[in-house]
Amino acid sequence: MEPINEANVAEPGHVVIEVAGLDDDTVFAFQKAIARTWATAISESTFRDPGQPGVRLRLYADLRQVVAQTSSPHEARVPDTQ
């Protein structure tokens, strides 16, 4: 995996999340949960580090995005601005 670009974390609220899990399904499920709320760029594929177990992916998020009020935190999503 490439080093994190400083531009991706140059502003408060911007984060880079690196996820490691047993398999693609696990890390993509996590990515999907985060993407509904904060993701600005998601991974299309996973990576394997030689000699290390599991898979990894990286996603980028902006925690400054306004999250719509919902009845459950599992239903949180970014409001439609169109």
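Modeller: Start with S3, which is mostly covered: six of its eight residues are buried. Bear in mind that this is a predicted model.

Colleague: Okay, back up a second. What helices and strands does the protein have?

Modeller: One helix and three strands. Read from the N terminus, the order is β-α-β-β.

Colleague: And in what order do the strands sit in the sheet?

Modeller: S1-S3-S2, in an open sheet with antiparallel pairing. S1, residues 14-21, and S2 are at the edges. Each has a single partner strand, so one side of each has no neighbour in the sheet. From one strand to the next, the twist averages 45°.

Colleague: Where does the helix go?

Modeller: H1 packs on the sheet and touches S1, S2 and S3. The direction of H1 makes about 5° with that of S3.

Colleague: How many bridges join S1 to S3?

Modeller: Eight, and the two strands run antiparallel. Ile17 has Leu59 as its bridge partner in S3. Ala20 stands opposite Arg56, also in S3.

Colleague: How many join S2 to S3?

Modeller: Two bridges, again with the strands running antiparallel. On that side, Ala41 stands opposite Tyr60 of S3.

Colleague: Let's zoom in on Leu59. Buried or exposed?

Modeller: Buried. Its relative accessible area is 0%. Leu59 belongs to strand S3, which spans residues 55-62.

Colleague: Why does 0% count as buried?

Modeller: Because buried means under 20% relative accessible area, and Leu59 has 0%.

Colleague: What does Leu59 touch, beyond residues up to four places away in sequence?

Modeller: Val15, Val16, Ile17 and Val19 are among them.

Colleague: New topic. Where is Ser43?

Modeller: Ser43 is in the loop between strand S2, residues 39-41, and S3. Ser43 counts as buried, at 12% relative accessibility.

Colleague: What does the Ser43 side chain reach?

Modeller: The backbone oxygen of Arg58, at 2.3 Å. Leaving out residues up to four places away in sequence, Ser43 touches Phe28, Gln31, Leu57, Arg58 and Leu59.

Colleague: Gln31 keeps coming up. Where does Gln31 lie?

Modeller: In helix H1, residues 24-35. Gln31 is buried as well, with a relative accessible area of 5%.

Colleague: Which residues does Gln31 touch, not counting those up to four places away in sequence?

Modeller: Ile42, Ser43, Leu57, Arg58 and Leu59.

Colleague: Now the core. Which residues form the largest nonpolar core?

Modeller: There are seven: Val19, Val27, Ile34, Ala39, Val55, Leu57 and Leu59. H1 and S3 each supply at least two residues of this core. S3 gives the most, with three residues.

Colleague: Tell me about Ile34. Buried or exposed?

Modeller: Buried, at 16% relative accessibility. Ile34 lies in helix H1. Apart from neighbours within four places in sequence, Ile34 is in contact with Ile17, Ala39 and Leu59.

Colleague: How far apart are Ile34 and Ala61?

Modeller: They are 27 residues apart in sequence and 8.3 Å apart in space, C-alpha to C-alpha.

Colleague: And Ala39, what is in contact with that one, leaving aside neighbours within four places in sequence?

Modeller: Ile34, Leu59, Tyr60, Ala61 and Gln65.

Colleague: Last bit, the whole chain. What share of the residues is buried?

Modeller: 23% of the 82 residues in the protein. The protein exposes about 6000 Å², and carbon and sulfur atoms supply 53% of that area.

Colleague: What about contacts between residues 24 or more positions apart?

Modeller: Those account for 53% of the contacts with a separation of 6 or more.

Methods: Residues numbered from 1 in each chain as written. Predicted model: local features only at pLDDT ≥ 70, side-chain atom pairs only at ≥ 80, totals over all residues. Heavy atoms only, no water. Helix = DSSP H or I, 4+ residues; strand = E, 2+ residues; numbered from the N terminus. Buried < 20%, exposed > 50% of the residue type's maximum accessible area, 1.4 Å probe, protein only. Contact = heavy atoms within 4.5 Å. Areas by Shrake-Rupley, 256 points an atom, 1.4 Å probe, with all protein chains shown as cover. Polar contact = N/O pair within 3.5 Å; in protein donor to acceptor, adjacent residues only side chain to side chain. Pairing = 2+ DSSP bridges. Axes fitted to C-alpha atoms, helices over the stretch in contact; angles between N-to-C directions. Core = buried A, V, L, I, M, F, W, Y, C linked by side-chain atoms within 4.5 Å.
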